[in-house]
Amino acid sequence: MFLIHNKPEQAPFLAQAIFSACYLEHGWPSPEIPHVLTTLFKELLNYEIDFENIFRITILDVKERLPEPAQRRELIELMTTMEMLCRPISKELQASVDQWADQLAIDDRTLLLARDLSKNAQLQATLDFYRLNWIGEGDPQDDQHFKQLLSHYGDSAYALCLESDPQETARWAKLKDYPDASLGKELWRFYQKRGFKLPGEIGGANAALAHHDWVHVIANYDTTAIGELEVTAFMASASRSQGAMLGFVGAVSIYETGLLKSLVTHSYQHTLSAPGGVERVSAAIMRGKNCKIDPLLGPNYFLIAHEPLEKIRLNWGII
């Protein structure tokens, strides 16, 4: 996740890099970009800068000052996120980010999504998004039955239950019998409050998508548009999953411009750039940075579902 592994003293240089890649000949490709960048740098690196008054640097400068591949990857991820603020994505911006990624020897999943969207290939973008993000990583993609579901129902198989699975439903239904204030009972209430079907029921989330509902409950993020940006930012910051960052970048497109279509919700616009939006996402990034457990790759949630929710939050370092 961008800017959480950088030191405050690197902020001026990083700001110049992102400006050099994303500020085009005719200005910013989206008026939201400088606002979002200014807030991210302030909230995550405690650095205040006017992105309208800054000097360019070269890719060679970045090569010398960011020798580590992980640092370069995070810079490219930030650039790609700025692309997600555009509708449509500028071909000039796409070419610039691709040039920076190529020169820095970074080939990231987020770039594939951006390339799809810049070509107006929404169907391919949806496929790549769900196939490669943390949801797709949780799906049994090599399983023959899953392949049959994809063939019969299409991309929806990545996220939704399309055939009844009573055994899976029963596993989740047992959560209602857990003690009050336990993680399991709170997740049950989370579903009931929103009228969500249980995994295993036709039309409900499949197990791969439902996996992040545990994180919704533990980190206390809602299922509103801003809540989904918060939870995906939290996961991208806290997890080592390669698909976690793609999940956040795609969510920005879904909830900020509506350019990427979701299989499970409506598209929205101006969620990140709305008043308080970037601040809330920045706070989620910092909470994820301080989380002691990888929320996607760490626990088997059914094994800790009986534990008090507040105890889990304390053990994870979630304030």
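I began with Asn120, which I found in the loop between helix H6 (109-118) and helix H7 (122-132). I take helices (H or I, at least four residues) and strands (E, at least two) as DSSP runs, numbered from the N terminus. This is a predicted model, where local features need pLDDT of at least 70, side-chain atom pairs count only at pLDDT 80 or more, and totals for chains, interfaces and linings use all residues. Residues are numbered from 1 along each chain as its sequence is written, and side-chain values use heavy atoms, with hydrogens and water left out.

The phi of Asn120 is near 60 degrees, a positive value in a residue other than glycine. Most residues other than glycine have a negative phi, and most peptide bonds are trans. Is Asn120 buried or exposed? Asn120 is exposed, with a relative accessible area of 52%. For these words I use relative accessible area: buried is under 20%, exposed is over 50%, and partly exposed is in between (1.4 Å probe, protein chains only).

I then looked up Asn220, in the loop between H12 and helix H13 (225-238). Its phi is near 65 degrees, a positive value in a residue other than glycine. Asn220 is exposed, with a relative accessible area of 59%.

I checked the peptide bond between Arg87 and Pro88; it is cis, with omega about 0 degrees. Pro88 lies in the loop between helix H4 (69-83) and helix H5 (91-103).

At the start of helix H9 (residues 144-153), I found a side-chain oxygen of Asp143 within 3.0 Å of the backbone nitrogen of His145. Just after H9, Gly154 has a positive phi of about 85 degrees.

**Asn206**

Next I went to Asn206, in the loop between helix H11 (183-194) and helix H12 (207-219). Asn206 is buried, with a relative accessible area of 8%. What does the side chain of Asn206 make a polar contact with? The partner is the side chain of Asp139, at 3.2 Å. A polar contact is a pair of N or O atoms within 3.5 Å; within protein, one must be able to donate a hydrogen and the other to accept it, and residues adjacent in sequence count only if both atoms are side-chain atoms.

Not counting residues up to four places away in sequence, Asn206 touches Asp139, Ala157, Tyr158, Ala159, Leu160 and Cys161. Contact here means heavy atoms within 4.5 Å. I also noted Leu162, 44 residues from Asn206 along the chain, with the two C-alpha atoms separated by 8.5 Å.

**Ser182**

I found Ser182 in the loop between helix H10 (166-173) and H11. At 1% relative accessibility, Ser182 counts as buried. Leaving out residues up to four places away in sequence, Ser182 touches Ala305, His306, Glu307, Pro308 and Leu309.

**Cysteines**

How many disulfides does the structure hold? I found 0 disulfides, a disulfide being a pair of cysteine sulfur atoms within 2.5 Å. The closest cysteine sulfur to that of Cys22 is in Cys86, 8.2 Å away, so it is too far for a bond. Cys22 is buried, with a relative accessible area of 0%. Cys86 is buried, with a relative accessible area of 2%.

**Aromatic rings**

I recorded 19 aromatic pairs. Rings of Phe, Tyr and Trp (its six-membered ring) pair if their centres lie within 6.5 Å; planes under 30 degrees apart count as stacked, over 60 as edge-to-face and the rest as tilted.

Why is the pair of Phe19 and Tyr23 stacked? Their ring centres are 4.8 Å apart and their planes are at 20 degrees, so the pair is stacked. Phe19 is buried, with a relative accessible area of 6%, and Tyr23 is partly exposed, with a relative accessible area of 25%.

The rings of Phe129 and Tyr130 have their centres 4.9 Å apart and their planes at 75 degrees, so I logged this pair as edge-to-face. Phe129 is buried at a relative accessible area of 5%; Tyr130, at 3%, counts as buried.

I also traced a cluster linked by ring pairs: Trp172, Phe190, Tyr191, Phe196, Trp214, Tyr301, Phe302 and Trp316.

**Nonpolar core**

Last, I looked at the largest nonpolar core, of 115 residues, where Phe41 and Met82 touch the most other members. Such a core is a set of buried Ala, Val, Leu, Ile, Met, Phe, Trp, Tyr and Cys residues joined through side-chain atoms within 4.5 Å. Among the residues that Phe41 touches are Leu3, Ala11, Ile18, Phe51 and Leu78.
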